Amino acid sequence: SNVIYEYSGGRNKMSILFEGTKEGSEIFFGNLDVPRPRAGAAITSDNQNIYIFGGKDESIRLNDGWKFSLDDCKFTKLSDAGEVPVIRNGHTMNYYE
């Protein structure tokens, strides 16, 4: 699908910037469990969820993973199972089915 999302951790907001020919929209999360603000995270999608891994906040590099459900607009922190990639930022990630 041709959808472009923007997540603003500092404002705790997900925006749909482009969805075909539709106008953009915004989703505010309030005080829910959401990823901390970060830069340089890797992001990918399986067309049902958006996955976020790593990045860097104002002072440290991160290696936490998050899933954002496009159906119910909620974040879920991914649990560590097996080997977790080392802390990193400025990297890429791909979804493979």
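The model is predicted: local features need pLDDT of at least 70, side-chain atom pairs count only at pLDDT 80 or more, and totals for chains, interfaces and linings use all residues. Residues are numbered from 1 along each chain as its sequence is written, and side-chain values use heavy atoms, with hydrogens and water left out. The chain has seven strands and zero helices. Helices (H or I, at least four residues) and strands (E, at least two) are DSSP runs, numbered from the N terminus.

**Overall fold and surface**

- From the N terminus on, the order of elements is β-β-β-β-β-β-β.
- The chain has 97 residues, and 30% of them count as buried. Buried means under 20% relative accessible area, exposed means over 50%, and partly exposed lies in between (1.4 Å probe, protein chains only).
- The accessible surface of the chain is about 6,800 Å². Carbon and sulfur atoms hold 47% of that surface. Accessible areas come from the Shrake-Rupley method with a 1.4 Å probe; for residues, only the protein chains shown count as cover.
- Among contacts with a separation of 6 or more, 35% join residues 24 or more positions apart. A contact means heavy atoms within 4.5 Å.

**Salt bridges**

- The count is two salt bridges. The rule asks for a side-chain nitrogen of Lys or Arg within 4 Å of a carboxyl oxygen of Asp or Glu.
- Arginine 36 and aspartate 57 form a salt bridge, at 3.3 Å from N to O. Arginine 36 lies in the loop between strand 3 (25-28) and strand 4 (42-45), and aspartate 57 in the loop between strand 5 (49-56) and strand 6 (61-69), so this pair ties together parts 21 residues apart in sequence.
- Arginine 36 is partly exposed, at 41% relative accessibility. Aspartate 57 is buried, at 15%.
- Arginine 38 pairs with aspartate 64 in a salt bridge, with the closest N and O atoms 2.8 Å apart. Arginine 38 sits in the loop between strand 3 and strand 4, while aspartate 64 sits in strand 6, so the pair ties together parts 26 residues apart in sequence.
- Aspartate 64 is buried, with a relative accessible area of 15%.

**Aromatic pairs**

- The structure holds two aromatic pairs. Rings of Phe, Tyr and Trp (its six-membered ring) pair if their centres lie within 6.5 Å; planes under 30 degrees apart count as stacked, over 60 as edge-to-face and the rest as tilted.
- Tryptophan 66 and phenylalanine 75 make an edge-to-face pair, at 6.2 Å centre to centre and 90 degrees between the planes.
- Phenylalanine 68 and phenylalanine 75 make a tilted pair, at 4.9 Å centre to centre and 55 degrees between the planes.
- Trp66, Phe68 and Phe75 form one aromatic cluster.
- Tryptophan 66 is buried, at 4% relative accessible area. Phenylalanine 68 is buried at 1%, and phenylalanine 75 is buried at 10%.

**A backbone feature to check**

- Asparagine 47 has a positive phi of about 75 degrees, although this residue is not a glycine.
- Asparagine 47 is in the loop between strand 4 and strand 5. At 59% relative accessibility, asparagine 47 counts as exposed.
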